[in-house]
Amino acid sequence: MKLYDFLKERDYIYQSTDEEALKSILNGDKKITFYLGIDPTADSLHIGHFVTLMMFRFLQESGHKGILLIGNATGMIGDPSGKSDMRKMLSSDGMEQNFEGIKKAVSRFIKFDGDNPAILVGNAEWMDKLSFVEFQRLVGVHFNVNTMLSADAYANRIKEGGLTFLEMGYMLMQSYDFVHLNEKYGCTLQIGGADQWGNIVSGSDLFRKMKNNNTISSKDEAIYGLTCPLLLTKEGKKMGKTEKGTLWVDKEKTSPYDFYQYFYNVSDDDVPMLLRRFTRTPLDEIERMCRENIIEAKKYMASSLTELVHGKDEMENVKKMVDSLFLSSQNGSSAPESEFVIQGETIGVLDLFALSGFISSKSEARRLIEQGGAAVDGEKITDVQTVVSKNGRSYVLLKKGKKGFLKVKWS
């Protein structure tokens, strides 16, 4: 199947600046250069990034040259799209830390070596070289404030309590990114989530205006934008919010087991959509799986997404844990076993939960205990200062929530 038709069939295409032109390009033999921008406002990805990253993967696998732009300049301002308040301003050190975290996370989706490797850039590379006056004369002159304020990103912020001049500059910067990447790399397509539509259209419009004014000398007649639908439930709610907060790609923030469980517990109605977007399973097979055995379809979907993000080895560990928990009883005879072995005669309960890998950090263990969701050997733990003693036993059985068990050996 041709690439554009495949993306359309798998529900990846939401909006495009020129559908017929993009269909002709992506279904044809000519290879283009495209880019996806991600602002490093956190040190990891969340599942809201997955759809555009999958589109990046499919474009790259089809031979198109991909550029991943990490917005270490735009991220210092913050995109007002979809926000009721101004984003927290990050320091340069925080931005650098987040940059490295994003770079590591996207490698699960994007290939940076081998044949047709993706290019990784940060927009501070060119933004930091422009003075305020230079940027306004080069870019700002092409933007009409009345038109900008009619865009959803800005109109909604004004309704919700105001818009800063700082945030007004975000659209200008992202638009110029597109023009700069066209000049340096011949990039003719920007992809992004549906919430980026206004910024993407502004980039293609800026290109047209600068070309008409002979400010740039691009050989391309036009540049294009393509957006993916947001990852929403069938009820229209954003996916990825759990009782513990955001569902992250980083296993230190969201364990592979919790990641799997989130997707296994989604509504039955959302399973076909997730299988369409995150597996290569034929559509008729997806329809059959969901019709005949939705539980098995859910397991397959949750396993596929967990392996995609965390790798095959982590998924195998999750499978062992899931299988063991299914068989486990309160005596812990079949509970999964931690690789961590307790040394000495006593251990603090926060250390026990964190070092065993059952909980990702002491702070998370503290919250679990304070919320009444932790137990050791069937006894509920209510005090974070609790010390667990060996007392001749060879292991302890940890429990979180209603169904989470882990056996930890004592040396």
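A residue counts as partly exposed when its relative accessible area falls between the under-20% buried class and the over-50% exposed class. Leu163, at 23% relative accessibility, therefore counts as partly exposed. This is a predicted model, so keep that in mind while reading what follows. The protein chain holds 17 helices and 15 strands, and buried residues make up 50% of its 411 residues.

**The overall picture**

- Taken along the principal axes, the C-alpha atoms of the protein chain fill a box of roughly 80 × 50 × 45 Å.
- Among contacts in the protein chain with a separation of 6 or more, 71% come from residues 24 or more positions apart.

**Two single residues to look up**

- Leu163, the partly exposed residue from the opening, lies in the loop between helix H8 (152-160) and H9.
- Met289 belongs to helix H13 (residues 283-292).
- Buried or exposed? Met289 has a relative accessible area of 14%, and the cut-off for buried is under 20%, so Met289 is buried.
- Setting aside neighbours within four places in sequence, Met289 touches Thr281, Ile294, Ala297 and Tyr300.

**Aromatic pairs**

- The aromatic pairs come to 12.
- One of them joins Tyr12 and Phe58, edge-to-face, at 5.5 Å centre to centre with 80° between the planes.
- Tyr12 sits in the loop between helix H1 (3-9) and strand E1 (15-16) while Phe58 is in helix H3 (residues 50-61), so this pair ties together parts that are 46 residues apart in sequence.
- Tyr12 and Phe58 are both buried.
- Phe50 and Phe278 have ring centres 6.1 Å apart and planes at 85°, so they too make an edge-to-face pair.
- Phe50 comes from helix H3 and Phe278 from helix H12 (residues 271-278), so to speak a link between distant parts of the chain, 228 residues apart.
- Phe50 is buried, and Phe278 is buried as well.
- Phe50 and Phe278 also belong to one aromatic cluster, together with Phe109, Phe259, Tyr262 and Phe263.

**Charges over rings**

- Trp248 has the charged end of Lys253 over its ring, 5.1 Å from the ring centre.
- Over the face of Tyr395 you'll find Lys407, at 4.9 Å from the ring centre.

**Helix H9 against helix H10**

- Helix H9 (residues 165-185) packs on helix H10 (residues 197-212) at an angle of about 55°, and their axes are 8 Å apart.
- That angle makes H9 oblique to H10.
- The crossing of H9 past H10 is right-handed.
- On the H9 side, the contact includes Tyr170, Met171, Gln174, Phe178 and Val179.
- On the H10 side, the contact includes Gly198, Ile200, Gly203, Leu206, Phe207 and Met210.

**Helix H14 and its partners**

- The axes of helix H11 (residues 256-264) and helix H14 (residues 294-310) come within 8 Å and cross at roughly 145°.
- H11 passes H14 in a crossing that is right-handed.
- H11 brings Pro256, Phe259, Tyr260, Phe263 and Tyr264 to this contact.
- From H14, the residues meeting H11 include Ile295, Met301, Ala302, Leu305 and Val309.
- H12 packs on H14 as well: the axes come within 10 Å and cross at roughly 35°.
- This time the crossing, H12 past H14, is left-handed.
- Val271, Leu274, Leu275 and Phe278 are the H12 residues that meet H14.
- Their H14 partners include Ile294, Ala297, Tyr300, Met301 and Leu308.

**What covers helix H2**

- In helix H2 (residues 19-27), the buried residues are Ala21, Leu22, Leu26 and Asn27.
- The elements covering those buried residues of H2 include H1, E1 and H3, along with strand E5 (187-193) and strand E6 (224-228).

Definitions and conventions: Residues numbered from 1 in each chain as written. Predicted model: local features only at pLDDT ≥ 70, side-chain atom pairs only at ≥ 80, totals over all residues. Heavy atoms only, no water. Phe/Tyr/Trp six-rings, centres within 6.5 Å; stacked < 30°, edge-to-face > 60°. Helix = DSSP H or I, 4+ residues; strand = E, 2+ residues; numbered from the N terminus. Buried < 20%, exposed > 50% of the residue type's maximum accessible area, 1.4 Å probe, protein only. Lys NZ or Arg CZ within 6 Å of the ring centre and 35° of its normal. Axes fitted to C-alpha atoms, helices over the stretch in contact; angles between N-to-C directions. Parallel < 35°, antiparallel > 145°, perpendicular 65-115°, else oblique. Left-handed = near helix turned anticlockwise from the far one by under 90°. Contact = heavy atoms within 4.5 Å.
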